[in-house]
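Have the model open beside you and try each task before reading its solution.

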Amino acid sequence: MSIKIFSVFILFVLGAVLAAIAELPYGGWIQIPVLSLLWWRLDPQSSASLKKQFALGLSFGIGYFVIGLWWLYISLHDVGGMHAGLACMGVFLLSAYVALYFAFATLAIPLFKKNCLSGLFLASSWVLAEFLRGYIFTGFPWMGFAETQFNGPFAPVAPFFGGLACTFLAVWASWEIYQLRKHVISSAILIAAVIGVTQISGLFTFTKPTGEPISVRLIQGNFEQSLKFNPQAIGQQIDFYAQEITKEAANLIIIPETAFPWPLPNLPIGLLDYLQNFSNKSGSSLLLGVIGEVPGEAGMQYSNRATGLSPNTAPYQYDKAHLVPFGEFIPIGFQWFVKAFHVPMSDFARGRLDQAPFTISRKDQEDIHAAITICYEDVFGGELASRIQHSDKPVNLLINMTNLAWFGESQASTQQLRLSQLRSLETGLPALRATNTGITAVLGSDGKVLKALPEFTQATLSTQVQGYSGKTPYVIWGNLPILGISCLLLLWGLIRYRRF
């Protein structure tokens with residue numbers, strides 16, 4: 001095996017190890033020194049061509065994302081019926097695509113080599129790469145370093161500058177650990193000081209409790225995804241949720257994403273009226289995962305919808321705004337893919353980004369307003385922060401409705417839980433997660449899990465949740481500060497060292 005092939009293999013394995021570490025209890029702490037091994041492998045190559053450096057960074061990224069996203073194979077092959085070879089190819093190609101952003105970010109090493117500020121330049125390039133990964137082609141920022149930092153040293157900066165700032169500090173700290181071989185004392189003091197300041201910043205809070213806690217019931221049905229295409233099984237699923245909803249009153253009752261998996265006009269006659277009557281009589285607000293219909297230029301389109309039923313009030317609706325490529329919308333030029341594999345309901349209408357929050361009303365109590373996200377939308381912290389900032393009503397609670405049955409028994413559920421935790425930390429708001437197979441949970445305003453149901457069980461989580469009011473700096477400013485800092489650092493570096 002040549003040295004070049006060996007280097008590619010080592011970097012692939014290092015990426016895979018780094019992705020696996022994310023699932024450990026203190027993964028955010030452990031990832032940082034392990035990431036420094038990447039710089040140990042790449043820095044000696046900085047005198048090589050940019051092409052070679054890019055290839056090595058790409059190898060690392062592919063290893064990282066193949067392990068982090070392998071569960072897509074389950075949805076393509078086990079649920080979707082795609083040939084195993086094609087499903088493997090699909091996972092690999094997506095992993096290779098998102099790994100391109102990591103590869104571009106590593107080019108900061110040869111561009112700014114032999115410089116005491118190399119760690120800042122590298123962190124800045126990583127932040128910009130991650131931002132672009134969440135933006136280009138509608139974005140796919142899953143499995144970043146930010147959500148892992150919820151269990152790491154830099155989580156407390158999230159309410160100030162968001163997840164991208166956590167990424168910035170994690171990359172910078174890993175570079176400084178690599179520099180310990182040259183500057184033991186100065187690098188150690190600098191790392192300790194930054195971690196210390198970060199931890200102290202966690203003492204500041206920007207939101208506070210408002211009103212009395214609300215009673216909630218989160219219903220986890222645990223229905224297999226393969227049953228979604230079986231009419232008899234769908235009928236049984238709808239009956240289960242209808243019966244479970246009306247079993248007991250609560251201020252708020254939530255069922256998961258597409259828990260009623262037929263389009264609204266095809267639901268059993270009188271179902272929504274029956275649930276509305278229960279809401280009127282019990283004073284319960286209901287949030288239902290359904291398939292909506294939206295008129296469009298080419299006729300009626302389906303939407304991934306949350307329908308809200310409140311006592312003696314017109315129904316509320318939220319249509320998912322950030323759709324999953326290939327799963328919920330078909331990129332231009334790829335219609336052949338859907339026709340080839342007969343993917344049902346795979347081209348949904350897109351909801352607006354300025355949709356109103358859902359209001360939970362209680363007698364003689366302040367209303368509680370909840371920002372809704374459906375599954376994948378939890379990945380986009382900047383969009384959620386913008387919605388809260390520009391909402392006409394103050395947002396007191398986050399709600400995420402999810403169906404991860406597509407991905408079987410994998411780490412997809414724990415990955416998304418960390419994303420929800422980061423969203424709560426960024427916004428300073430508690431969160432409710434209603435899922436089909438797990439992880440159904442209640443999160444505090446600091447993102448910590450207060451209560452949760454076991455995965456892959458049919459159960460209901462009944463508890464009390466305290467709403468919060470106020471806005472964090474991140475909600476007000478969004479990603480602008482960290483992006484501005486990163487851009488200015490890179491611009492200064494390029495001008496200072498004439499790398500243009």
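**Exercise 1. Find which backbone nitrogen lies 2.8 Å from a polar atom of the side chain of Glu257.**

Solution. Start at the side chain of Glu257: a polar atom there lies 2.8 Å from the backbone nitrogen of Asn403. For comparison, a polar contact is a pair of N or O atoms within 3.5 Å; within protein, one must be able to donate a hydrogen and the other to accept it, and residues adjacent in sequence count only if both atoms are side-chain atoms.

Before going on, note that this is a predicted model: local features need pLDDT of at least 70, side-chain atom pairs count only at pLDDT 80 or more, and totals for chains, interfaces and linings use all residues. Residues are numbered from 1 along each chain as its sequence is written, and side-chain values use heavy atoms, with hydrogens and water left out.

**Exercise 2. Place Glu257 in the chain and find its nearest side chain of opposite charge.**

Solution. First, Glu257 sits in the loop between β3 and β4; strands (E, at least two residues) and helices (H or I, at least four) are DSSP runs, numbered from the N terminus. Next, Glu257 is buried, where buried means under 20% relative accessible area, exposed over 50% and partly exposed in between (1.4 Å probe, protein chains only). A salt bridge needs a side-chain nitrogen of Lys or Arg within 4 Å of a carboxyl oxygen of Asp or Glu. As for charge, Lys and Arg count as positive and Asp and Glu as negative, while His and the chain ends are not counted.

**Exercise 3. Is Thr258 buried or exposed, and what is its phi?**

Solution. Look in the loop between β3 (252-254) and β4 (260-263), where Thr258 is found. Its phi is near 45°, a positive value in a residue other than glycine. With 12% relative accessibility, Thr258 counts as buried.

**Exercise 4. Which residue is joined to Gly438 by a cis peptide bond?**

Solution. The partner is Ile439, and omega is about 10°. You will find Ile439 in the loop between β11 (431-435) and β12 (441-443).
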